[in-house]
Amino acid sequence: MEEIESESCDDEIVKKIMHVMRAAPHGTIYTYEGLEMILIMAAYDQDISVAFIDDGVYALKKGQNTEGIEMKGFAKTFGALDGYDVEKLYVDQISLEERGLTEDDLVVDVEILSSAEIGKLMTEQDVVVHH
Amino acid sequence: MLHTINKSPFGNSSFETSARFLQPGDPVLFIEDGVYAVQANNKFSAALNEILKNNPVYALGPDLNARGIAEITAGVKSIEYEGFVELVEEHQVNSWL
């Protein structure tokens with residue numbers, strides 16, 4: 001079984017795909033759909049990274065309780081992405097600072113980078129998908 | 001990497017945000033409502049001039065025409081659909097929404 005799996009992996013094309021989260025989590029469906037897309041792509045063993053920019057950083061904010069608005073809360077799912085081998089989570093430092101947030105306000109370990117650093121990572125991708 | 005921007009800068013932060021992420025030499029193309037960014041003498045002209053120092057900037061002519069934008073910030077090149085296709089052929093695309 002293991003051998004078959006590794007053989008099939010050899011035939012697979014692994015692309016570097018960056019997902020860019022730019023919208024706040026509950027006002028539109030974009031962030032949630034983006035998260036679903038990440039999970040699907042991760043199931044195909046793609047090289048996934050996620051960048052949180054602008055209001056996208058709010059998706060990672062601690063203490064979100066969506067019970068009262070009867071929406072699914074999915075901050076915890078971002079926290080569980082490492083279970084799907086999605087470990088490259090980047091947060092734009094300016095976006096965080098503009099919103100008065102620090103790394104301690106986030107539900108998951110992330111790498112906080114400058115915009116230029118994230119911009120450079122974008123150029124290294126096969127595909128960049130904005131949500 | 002080709003950066004495309006398709007939203008008006010007056011209602012969406014894509015233009016201002018993307019500017020921070022551009023690598024020197026990356027082309028920027030304004031399409032659809034994004035072309036309002038390049039109308040001459042608007043509040044984004046200064047920011048656009050900063051980008052023009054390190055990056056080629058294009059706007060899609062048919063979208064400019066459709067919106068009656070005749071005067072565009074100096075240095076911005078108006079291109080046709082063929083030029084759009086050429087840019088996409090030459091570069092990876094980063095489509096800011």
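How many of the six residues of S2(A) are buried? Five of them are, so strand S2 of chain A is largely enclosed by the rest of the structure. Bear in mind that what you are looking at is a predicted model. The predictor gives the complex an ipTM of 0.86 and a pTM of 0.89. For chain B, pLDDT averages 97, and 100% of the residues score at least 70.

**Chain A**

Let's stay with that strand for a moment. S2(A) pairs with strand S1 (residues 16-21) of chain A, in the parallel sense and over six bridges. Within this pairing, Val50(A) in S2(A) has His19(A) standing opposite.

Over at helix H5 (residues 115-123) of chain A, the buried residues include Ile118(A), Gly119(A) and Met122(A). Seen down the axis of H5(A), the buried residues fall within an arc of 105°, so they line one face of the helix. As a reminder, an α-helix has 3.6 residues a turn, so residues three or four places apart point the same way.

**Chain B and its loop**

Chain B has a positive phi of its own to show. Glu32(B), again a residue other than glycine, has a phi near 45°, and its place is in the loop between S2 and H2 of chain B.

Ala37(B) is found in that loop too, between strand S2 (28-30) and helix H2 (45-54). Is Ala37(B) buried or exposed? It counts as buried, because it has 28 C-beta neighbours inside 10 Å, and the cut-off for buried is 20 or more.

| Residue | C-beta neighbours inside 10 Å | Counts as |
|---|---|---|
| Asp45(A) | 13 | partly exposed |
| Glu32(B) | 15 | partly exposed |
| Ala37(B) | 28 | buried |

So what does Ala37(B) touch, not counting residues up to four places away in sequence? The answer is Ile5(B), Pro9(B), Phe15(B), Phe30(B), Phe44(B) and Leu48(B). Phe10(B) is 27 residues from Ala37(B) in sequence, yet the two are 8.2 Å apart in space, C-alpha to C-alpha.

On to strand S5 of chain B, which pairs with strand S1 (residues 2-5) of chain B in the parallel sense over four bridges. Ser95(B) in S5(B) is the bridge partner of Thr4(B). The strand has two faces: Asn94(B) and Trp96(B) make up the covered one, while Val93(B) and Ser95(B) are on the uncovered one. In a regular strand the side chains alternate between the two faces of the sheet.

Finally, the contact between the chains: eleven residues of chain B are in contact with eleven residues of chain A. On the side of chain B that touches chain A, helix H1 (14-21) and strand S5 (93-96) each supply at least two residues. The residues on that side of chain B are five nonpolar, five polar and one charged.

Key. Residues are numbered from 1 along each chain as its sequence is written. Chains are lettered from A and ligands numbered from 1 in the order in which they are written. This is a predicted model: local features need pLDDT of at least 70, side-chain atom pairs count only at pLDDT 80 or more; totals for chains, interfaces and linings use all residues. Two residues are in contact if their C-beta atoms, placed from the backbone, lie within 7 Å. Ala, Val, Leu, Ile, Met, Phe, Trp, Tyr, Cys and Pro count as nonpolar, Asp, Glu, Lys and Arg as charged, and the others, Gly among them, as polar. pLDDT is the predictor's confidence in each residue, from 0 to 100. A residue is buried if 20 or more other C-beta atoms lie within 10 Å of its own, exposed if 12 or fewer, and partly exposed in between; C-beta atoms are placed from the backbone. Two strands pair if DSSP finds at least two bridges between them. The arc is that of the directions from the helix axis to the C-beta atoms.
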